[in-house]
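Subject: Structure handover

Hello,

Here is the structure I promised to pass on. Please open it beside this email and follow along.

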Amino acid sequence: MLIKEWQPEEGRNWELEHGQLLSFVQRYTRGRLPAESYYQLMKLSQSKLLAPGSSLLFALIRTEEGPLLAGLSCLTNQGRGVSIVVVNPFYRNRGIGSSLLSRQLARLGEVTCLVAPDNPAGLQMCLNAGLSVTRIIRSASGKTLLECCGKLATDADSTYLSPYSLHKPDKVGD
């Protein structure tokens with residue numbers, strides 16, 4: 001599997017690429033994608049994808065006919081805007097979604113995703129990518145969602161605690 005980042009190229013038509021992206025998402029989400037998320041994806045512009053905190057990644061599988069799109073991940077505003085991971089059902093349960101989300105985390109440094117509580121595969125994907133459930137929220141449509149967040153650890157964030165450096169309270173009595 002190859003994970004490739006979308007980059008604008010002269011001569012390529014964004015409207016055509018955007019249409020193909022929407023078609024892939026619509027075909028393989030089986031109605032599980034909230035309408036708000038699909039609407040945000042419909043409004044996605046090339047300039048929005050080039051903004052800091054935004055990224056579009058593709059998972060490509062090598063086949064005899066050439067590379068095949070197996071999945072994609074699109075995030076804007078580190079997932080606080082558009083936050084979509086879609087994998088072709090034929091290639092699910094192979095770690096593709098988690099790999100895409102892990103790469104987003106490595107690229108953006110911080111990622112937020114919303115997952116429906118009745119979507120255990122989506123929740124497992126987030127957990128496998130290193131995200132944690134941080135809170136339960138209600139979407140604009142009133143649907144309950146789990147907010148999953150992940151942040152790359154920096155040297156300043158990580159401290160090693162030796163068992164010998166922990167404060168041990170004085171014994172009182174025997």
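Start with S139. Leaving aside neighbours within four places in sequence, S139 is in contact with E36 and L145. Contact here means heavy atoms within 4.5 Å. S139 sits in the loop between β6 (132-138) and β7 (144-151). Is S139 buried or exposed? S139 counts as buried, at 14% relative accessibility. The cut-offs are these: buried is under 20% relative accessible area, exposed is over 50%, and partly exposed is in between (1.4 Å probe, protein chains only).

A word on where this comes from. This is a predicted model, in which local features need pLDDT of at least 70, side-chain atom pairs count only at pLDDT 80 or more, and totals for chains, interfaces and linings use all residues. Residues are numbered from 1 along each chain as its sequence is written, and side-chain values use heavy atoms, with hydrogens and water left out.

Next, confidence. pLDDT is the predictor's confidence in each residue, from 0 to 100. The chain has a mean pLDDT of 88, and 88% of its residues reach 70 or more. Take care with residues 161-174: pLDDT is below 50 there. Beyond near neighbours in sequence, that stretch has 2 contacts in the model.

Now the overall layout. The chain has 5 helices and 7 strands. These are DSSP runs, numbered from the N terminus: helices are H or I with at least four residues, strands are E with at least two. Along the sequence the pattern reads β-α-α-α-β-β-β-α-β-α-β-β. Of the 174 residues, 39% count as buried. Take the contacts between residues at least 6 apart in sequence: 59% of them join residues at least 24 apart.

Look at two helices together. Among the elements of the chain, α2 (residues 35-42) has the lowest mean pLDDT, at 90. Helix α1 (residues 14-28) packs against α2 at an angle of about 165°, and their axes are 10 Å apart. Axes are lines fitted to C-alpha atoms, for helices over the stretch in contact, and angles run from 0 to 180 degrees between N-to-C directions. How do α1 and α2 run relative to each other? They are therefore roughly antiparallel. For such angles, under 35 degrees counts as roughly parallel, over 145 as roughly antiparallel, 65 to 115 as roughly perpendicular, and the rest as oblique. From α1, the contact uses H18, L21, L22, V25 and Q26. From α2, it uses Y38, L41 and M42.

R32 is in the loop between α1 and α2. R32 is partly exposed, with a relative accessible area of 41%. Not counting residues up to four places away in sequence, R32 touches A116, D118 and N119. R32 and A116 are 84 residues apart along the chain, yet their C-alpha atoms are separated by 9.1 Å.

Last, two backbone angles. Most residues other than glycine have a negative phi. N77 is not a glycine, but its phi is positive, about 50°. N77 lies in the loop between β3 (66-75) and β4 (83-87). N77 is partly exposed, at 44% relative accessible area. N93 is not a glycine either, and has a positive phi of about 65°. N93 lies in the loop between β4 and α4. N93 is exposed, with a relative accessible area of 81%.

Best wishes
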